[in-house]
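Please examine the sequence and the structure shown below before reading the dialogue.

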Amino acid sequence: MAEQPADKKFFENLSGAGKAIGVLTSGGDAQGMNAAVRAVVRMGIYVEAKVYFIYEGYQGMVDGGDNIVEVSWESVSSILQVGGTVIGSARCKEFRTREGRLKAAFNLIQRGITNLCVIGGDGSLTGANLFREEWSGLLEELAQSGKIEEDAVKKYVYLNIVGMVGSIDNDFCGTDMTIGTDSALHRIIEVVDAIMTTAQSHQRTFVLEVMGRHCGYLALVSALACGADWVFIPEYPPEEGWEDQMCVKLSENRARKKRLNIIIVAEGAIDSHNKPITSEKVKDLVVQQLGFDTRVTILGHVQRGGTPSAFDRILASRMGVEAVLALLEATPDTPACVVSLSGNQAVRLPLMECVQMTQEVQKAMDERKFCEAVRLRGRSFENNLNTYKLLSHRKPDTELPKTNFNVAVLNVGAPAAGMNAAVRSAIRVGITEGHNMFAVIDGFEGFANGQIKEISWGDVGGWTGQGGSLLGTKRTLPAKYLEKIADQMRINNINALMVIGGFEAYESCLQLAEARARFEEFCIPICVLPATISNNVPGTDLSIGADTALNAIVETCDRIKQSASGTKRRVFIIETMGGYCGYLANMGGLAAGADAAYIFEEKFDIRELQANVEHLTEKMKTSIQRGLVLRNENSNENYTTDFIYQLYSEEGKGVFDCRKNVLGHMQQGGAPSPFDRNFGTKISAKAVQWISKKLRETYRRDEGKVFANTEDSVCLLGMRRRNLLFQPVVELKDQADFVHRIPKEQWWLKLRPLMKILAKYKTSYDVSDSGQLEHVARHSPKEAETVAI
């Protein structure tokens with residue numbers, strides 16, 4: 001085990017010996033719940049606690065008996081990729097009564113369980129908190145009736161509760177995403193993409209009804225991700241006279257040669273008088289007023305089903321481990337907490353603060369304070385809504401400002417899913433801001449050759465869901481074409497530049513910044529948007545395209561593992577892309593339940609390979625039948641995929657056999673995931689607004705031109721922990737390894753031990769970022785614009 005730095009905090013001193021943890025899922029099921037259950041069980045066993053399944057939610061806790069069962073490591077094998085919840089979930093009226101909670105307390109005491117991990121919605125978590133508050137009183141009542149000993153009351157005097165929010169609705173305040181939301185968006189977008197092809201064939205209008213109860217998150221994000229013509233959500237009812245406005249918008253789109261219309265309706269959608277707006281009502285309106293061929297599709301429980309996305313598996317695994325740490329660190333004074341996601345950070349928040357805020361949203365909606373309801377939903381929701389409003393409705397030319405600035409957009413490097421969504425967003429926001437927008441074909445090579453054309457609002461219609469790069473992209477850096485590019489900038493009077501791409505895009509803008517002394521044409525605002533499946537750009541935790549690639553890897557790993565079911569024991573060696581960056585291998589390993597992931601950033605030798613083989617051999621002697629090993633393509637020049645395959649094959653003889661797969665360019669293709677569409681759309685809109693601000697600041701009225709030569713006028717927009725930040729590319733130079741084309745520090749390496757722990761390795765896990773109970777932040781509208789993703 002590696003030596004531990006003195007300034008870091010590790011969990012080795014947090015022993016779970018003598019503790020018992022109960023895990024239950026309650027309320028509506030959600031994809032990813034099983035990943036959370038698996039993480040709680042394995043982390044609990046890792047810290048030497050006893051872990052119990054409580055089957056059928058609170059009903060199982062009340063009924064006791066075989067519903068509360070101690071589990072082993074193997075109990076949660078092969079459940080990571082399964083949707084729903086393997087331990088069952090049920091609504092329980094009895095638990096709402098004190099008698100029911102008395103029975104539940106008795107059943108827990110019988111097994112010494114005083115730590116509960118509850119995975120469910122706000123109702124389930126509120127019930128858990130009430131149970132905790134009544135706990136000592138319930139024990140005293142049980143002792144008085146002679147059901148338990150007085151010693152048990154003293155021994156089990158406190159009940160610790162940690163919650164994780166499992167709900168496809170994403171209706172819980174305090175977290176950016178709940179477990180299951182991303183997977184539900186995958187189901188919706190799969191259906192929307194399929195419907196769009198048939199709608200186009202027949203020039204149809206489709207009205208899609210999505211779930212979400214009283215929360216419009218699913219409807220809003222899916223509308224953003226597919227470029228829907230109109231969306232109805234409970235938090236933001238349409239204005240009076242919306243019927244005519246919507247019909248005008250639909251007919252205008254048809255007049256622009258758009259062959260289909262998509263309208264998305266949240267199941268809880270209402271008008272400004274709190275009256276329901278149903279999908280049938282919308283359909284009848286379109287048919288009566290416009291005579292369009294219109295169909296209704298109600299997605300229903302399809303959204304709850306299917307396998308969890310990579311995002312949900314990683315989120316649930318992180319939250320499950322964090323929940324166990326929270327239980328181990330809990331004291332009698334610690335309030336019940338919920339593990340949440342803020343930006344890219346797992347945080348702990350007081351459960352009842354979150355519940356109270358969630359209830360305030362409904363109260364605001366009941367009182368028709370809709371702006372307040374949107375604000376209470378949080379920064380992510382508010383920013384989604386603002387971006388949708390910006391992109392979906394084109395103002396008439398007479399209402400648009402006119403700046404006469406020319407802004408060019410280009411793609412650089414390898415294609416990444418979500419690039420087209422970012423381009424569409426940039427073009428439309430730019431037009432709304434009053435700029436003339438230009439598209440550059442085939443990157444800087446095309447720029448040098450004059451492949452530049454003005455692009456309109458309608459030209460980018462339908463781009464959101466398309467993979468690859470419709471503008472064309474090349475890896476060529478501008479250094480050898482500087483003079484030609486400067487000429488083209490002068491000829492086309494380009495006043496600002498947006499470059500969307502990977503490490504090459506970052507390096508290109510660095511070259512342009514450094515060439516400013518020689519070419520005044522480059523003294524303009526320039527913004528880089530990170531878009532690469534490798535996620536290797538300095539200055540950002542996430543890049544557009546990485547989520548889609550991760551889902552392709554995880555989906556393939558699931559299929560590969562399934563191909564061996566019913567055969568003898570088998571280990572799969574899988575090679576992923578990423579250049580020298582191990583993000584895809586590491587996070588793919590975490591999401592697919594891999595036994596090992598070999599990456600360039602963490603050096604390994606023959607001894608470690610040998611130890612991994614031995615570890616896997618031992619596991620295969622139990623009931624485990626399949627193993628999964630991922631290797632980043634450039635992790636080591638000598639320990640190749642073939643070498644590792646041959647080593648495992650030889651050493652595993654008689655215990656397991658091996659197969660290898662090189663995933664290749666399938667990781668780069670396919671339709672972008674909802675996350676990448678959404679992320680690309682939002683950061684692109686934010687980047688154009690930054691460009692507009694810089695253009696106003698650097699415009700020299702007396703000379704009639706833009707002149708920007710400060711370091712902060714060439715920036716990369718990246719997500720750092722919880723915030724979106726504009727960082728000068730020159731300042732990021734020190735953070736980049738240009739030889740291997742990776743950032744020197746990468747946040748996801750902190751999650752590496754998590755994968756090892758869940759694969760039964762002994763390791764150190766840095767929990768320096770954990771343990772602090774925060775308070776729910778109430779964001780002002782202005783703040784939401786600056787930090788939200």
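The following questions and answers concern this predicted model.

Student: How many residues of strand β13 are buried?

Tutor: Strand β13 spans residues 436–440. On one side lie Asn436, Phe438 and Val440, and on the other lie Met437 and Ala439; both faces are covered. The number of buried residues in β13 is therefore five of five, where buried means under 20% relative accessible area.

Student: Which residue of β13 is the bridge partner of Ala408?

Tutor: Strand β12, residues 406–412, runs parallel to β13, and four bridges join the two. Together with helix α14, residues 419–432, these strands make a right-handed β-α-β unit. Within β13, the bridge partner of Ala408 is Phe438.

Student: Which residue of β14 is the bridge partner of Val440?

Tutor: Strand β14 covers residues 452–454 and is joined to β13 by three bridges. These two strands run antiparallel. In β14, the bridge partner of Val440 is Ile452.

Student: Is Ser145 buried, partly exposed or exposed?

Tutor: Ser145 is placed in the loop between α4 (122–144) and α5 (150–155). Its relative accessible area is 49%. Buried requires under 20% and exposed requires over 50%, with partly exposed in between. Because 49% falls between these cut-offs, Ser145 is partly exposed.

Student: What separates the C-alpha atoms of Ser145 and Arg304?

Tutor: Along the chain, Ser145 and Arg304 are 159 residues apart. In the predicted model, the separation of their C-alpha atoms is 44 Å.

Notes:
Residues are numbered from 1 along each chain as its sequence is written. This is a predicted model: local features need pLDDT of at least 70, side-chain atom pairs count only at pLDDT 80 or more; totals for chains, interfaces and linings use all residues. Side-chain values use heavy atoms; hydrogens and water are left out. Buried means under 20% relative accessible area, exposed over 50%, partly exposed in between (1.4 Å probe, protein chains only). Two strands pair if DSSP finds at least two bridges between them. A crossover is right-handed if, with the strands pointing away from the viewer, the path from the first strand over the helix to the second runs clockwise.
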